Amino acid sequence: AGFSDPAAALARLDRFRDAAARKGLSTKGADRLAQLMPLMLQVIASSDAPDLALARVLRVLESVVRRTAYLAMLVEHPVILSQLARLAGMSPWISDQVARHPLLLDELLDPRRLFAPLRRADLEEELDILLARVDPEDLEQQMERLRQFSQGNMLRVAAADLTEVIPLMVVSDYLTEIAEVSVRRVLALTFEHLVRKHGHPGGVDAEDTGFLVLGYGKLGGIELGYGSDLDLVFLHGGESMSAMTDGARAISNQQLYARLGQRMIHM
């Protein structure tokens with residue numbers, strides 16, 4: 001059927017079948033899975049690296065097997081299966097990301113979008129749209145949308161990188177812009193929240209925060225990779241540190257900035 005090691009492929013399928021059975025699928029889920037498996041095997045067998053792709057795609061399926069909506073989506077949109085098999089065969093990072101965050105399967109639906117990573121202005125616009133309907137006080141939902149934004153855009157960069165749509169030398173530029181847009185938005189969201197609660201910091205221009213975020217390490221050098229963390233340094237100070245915020249629940253600027261840094265780290 002196209003696998004160079006059929007015994008290993010069969011063993012993987014046996015393990016997956018047993019794992020799915022242990023999860024106690026509903027009748028509808030079992031029916032969807034029965035529809036999906038022949039389609040999946042056909043797509044994987046015709047991919048460039050079927051043996052690698054099978055192991056990695058099965059890991060993704062195991063993470064979504066109890067979610068009937070995802071199984072239905074894979075059956076109804078073979079292009080998702082095709083892109084998943086292709087990219088999984090090329091990169092364990094992509095299959096790991098999708099297994100951990102199945103919402104990323106949506107990113108595989110449109111190849112024109114998948115292989116066209118965004119630059120800064122378009123990233124800002126996409127994040128505006130994602131956050132537009134979120135309650136300003138709903139921290140968890142804000143964080144979920146920010147995760148969706150960063151993971152989805154990193155997946156697009158990886159897809160374009162693996163298929164050589166973009167040259168390797170600019171991958172870190174794309175990843176750095178995703179990080180910068182995310183950090184800038186986190187600063188704005190956390191500052192707005194604290195200002196609503198305590199007022200604007202005293203002695204600081206109304207258009208300014210009085211708070212600077214610096215990127216060190218790979219972020220500062222525009223050398224981010226897919227697994228890089230963000231080395232951030234927060235700066236604030238000057239004569240305004242002894243001033244108070246101008247809200248009904250006033251606190252010192254020092255307290256405001258300490259809370260701002262803590263909340264940014266949390267987000």
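Select Gln151 and His101 and display their side chains: a polar contact of 3.4 Å joins them. A polar contact here is a pair of N or O atoms within 3.5 Å; within protein, one atom must be able to donate a hydrogen and the other to accept it, and residues adjacent in sequence count only if both atoms are side-chain atoms. The model is a predicted one, in which local features need pLDDT of at least 70 and side-chain atom pairs count only at pLDDT 80 or more, while totals for chains, interfaces and linings use all residues. Residues are numbered from 1 along each chain as its sequence is written, and side-chain values use heavy atoms, with hydrogens and water left out.

Leaving aside neighbours within four places in sequence, Gln151 is in contact with Gln97, His101 and Leu104, contact meaning heavy atoms within 4.5 Å. Gln151 belongs to helix H9, residues 139-162. Helices (H or I, at least four residues) and strands (E, at least two) are DSSP runs, numbered from the N terminus. Is Gln151 buried or exposed? Gln151 is buried, at a relative accessible area of 16%; buried means under 20% relative accessible area, exposed over 50%, and partly exposed in between (1.4 Å probe, protein chains only).

Stay in helix H9 and select Arg156 together with Glu107. These two form a salt bridge, with the closest N and O atoms 3.3 Å apart; the term denotes a side-chain nitrogen of Lys or Arg within 4 Å of a carboxyl oxygen of Asp or Glu. Arg156 lies in helix H9 and Glu107 in the loop between helix H6 (92-100) and helix H7 (111-114), so the pair ties together parts that are 49 residues apart in sequence. Arg156 is buried, with a relative accessible area of 1%, and Glu107 also counts as buried, at 11% relative accessibility.

Now select Asp128 and Arg185. Their side chains meet in a salt bridge of 2.9 Å, N to O. Asp128 lies in helix H8 (residues 120-131) and Arg185 in helix H10 (residues 171-198), so this pair ties together parts 57 residues apart in sequence. Asp128 counts as partly exposed at 42% relative accessibility, whereas Arg185 is buried, with a relative accessible area of 14%.

Remain in helix H10 and select Arg196 with Glu137. A salt bridge joins their side chains (3.1 Å, N to O). The pair links distant parts of the chain, since Arg196 is in helix H10 and Glu137 in the loop between H8 and H9, 59 residues apart. Arg196 is partly exposed, with 44% relative accessibility, and Glu137 is partly exposed as well, with 46%.

Which residues do salt bridges with shared partners join into one network? Select Glu107, Arg113, Glu126 and Arg156 to display that network.

Finally, zoom out to the whole chain. The count of salt bridges comes to 13. There are 12 helices and 2 strands, and the C-alpha atoms fill a box of roughly 75 × 45 × 25 Å, taken along the principal axes. Of the 267 residues, 45% count as buried. Among the contacts with a separation of 6 or more, 72% are between residues 24 or more positions apart.
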